[in-house]
Amino acid sequence: MTVCAIEITTTAPFTIAADGSYAARLAGDGEARYPERWTLAGPEPYAVPLPLAQPEEADSEVLALADGRVLIHRRVALRHAFALLYPTGGAADGPRTGELPLGSVEPADEGVRISLLPPSPDGRGAFALAASATGTTVWQVAGGPFGQVARIPGRCSGGVWLDRAGRMLALDRELDGTTKAVAVDLGRGGEVSPLLQIAEGSDDRLLLADPDSGLLLIRSDAPGEPRLGWGVLGSSRPVRFPECLRGEAGTPFAVQPGQALMPESCGVALRLERGGIGLWRPADRHVFRLPAPDGWLGTGLWSPQGRLHLPYATAETPCGVTGLTLPASPPPPVRLDPPPAAPRPVPLQQAPL
């Protein structure tokens, strides 16, 4: 068994629980790293450190659960160990950290990459992705029996939840030289079905999804270059690639929930590679570019009312959250010529450019 090429990827250094009540990150630096839990459901956010006897490695991952516990993923020799951390009652020397071991994974394939998936929408479950060139395994590591729940041919990455129950998971699967987003039904033994098929040879990745409205945020090179686009889950209309997002070097990190049947009105927040935050709606023809707050932790959470909450940490404010509201869209330009005829509806999987 060869395991020397195993590595951990850290995709979400600051994670927010599905209901927005808690968050977690690996705080500190150097040789003094420790998990930290943020409580967000209250008038003011506050942080609780969760240190143990030894500091954490820089490649450890943490995930906040809705019950206030923090899942941690560590590499221990050749194994990947998972445990739940939680604050215990105060003692003479101060609060302590409780730890509940859950299980471990020891990959058998060379080049296996193990990472935590985003928080499950039900707030209780937690899953990890073990990907290699020969196949990908989805492991349930919390909220149910520890073990494998799906096996998918090909190397998978990403991870986006498509429903509120934590059953339908979208993954970007690399197979035969192209990458396509597929839907994995964890309730049916990991049954795989196509999700995005914009062009035969294009790389089509799913970046974010909102289960309420069905809005999908997509990155694809089908238009001839990698571009951001959007579609609607289950819709017969094709994927659209707005001109205002053309050349936009950014990654969407939050979608406004609660907009049932109104995907065009959902606020979308983008982390811009040149710095700052982009705010956009699918119905708009404009991206609002705003500076990020000092110490921003790279993610955020929309409220159903359209306010974006951004966590930040500075020396003066080690646990802070600031809010942004999506401005009103400017009026569209006046057109004197008649609009073109509406295109014929096409299934999302067969959408032409």
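In strand β5, V48 is the bridge partner of R37. Strands here are DSSP runs of E with at least two residues, numbered from the N terminus, and two strands pair if DSSP finds at least two bridges between them. The model is a predicted one, in which local features need pLDDT of at least 70 and side-chain atom pairs count only at pLDDT 80 or more, while totals for chains, interfaces and linings use all residues. Residues are numbered from 1 along each chain as its sequence is written, and side-chain values use heavy atoms, with hydrogens and water left out.

Strand β4, residues 34-39, pairs with β5 in the antiparallel sense over four bridges. Both belong to an open sheet of four strands in the order β2-β3-β4-β5, with antiparallel pairing. Its edge strands, β2 (14-16) and β5 (46-49), each pair on one side only. On average, neighbouring strands of this sheet are turned by 20 degrees against each other, direction ignored; the axes are lines fitted to C-alpha atoms, and angles run from 0 to 180 degrees between N-to-C directions.

Another open sheet has four strands in the order β21-β22-β23-β24, again with antiparallel pairing. Here the edge strands are β21 (250-255) and β24 (288-290), and each pairs on one side only. β21 and β22 (residues 268-272) run antiparallel and are joined by five bridges.

Next come the charged side chains. Side chains of opposite charge can pair when their charged atoms come close. A salt bridge is counted when a side-chain nitrogen of Lys or Arg is within 4 Å of a carboxyl oxygen of Asp or Glu. By this rule there are 15 salt bridges. One of them joins E56 and R74, at 2.8 Å from N to O. E56 sits in the loop between β5 and β6 (61-64) and R74 in strand β7 (residues 70-76), so the pair links parts of the chain 18 residues apart. Both E56 and R74 are buried, where buried means under 20% relative accessible area, exposed over 50%, and partly exposed in between (1.4 Å probe, protein chains only).

K180 and D204 also form a salt bridge, with their closest N and O atoms 2.9 Å apart. Because K180 lies in strand β16 (residues 178-185) and D204 in strand β18, this pair ties together parts that are 24 residues apart in sequence. K180 is buried, with a relative accessible area of 10%, and D204 is buried at 0%. Elsewhere, E225, R227, E243 and R246 are linked in a network of salt bridges.

Aromatic rings form contacts too. Rings of Phe, Tyr and Trp (its six-membered ring) pair if their centres lie within 6.5 Å; planes under 30 degrees apart count as stacked, over 60 as edge-to-face and the rest as tilted. The whole structure has five aromatic pairs. F82 and F146 form a tilted pair, 6.0 Å centre to centre with 55 degrees between the planes. F82 lies in strand β8 (residues 79-87) and F146 in the loop between β12 (135-142) and β13 (147-153), so the pair ties together parts that are 64 residues apart in sequence. F82 is buried, with a relative accessible area of 2%, whereas F146 is partly exposed at 28%. Ring pairs link F82, W139 and F146 into a cluster.
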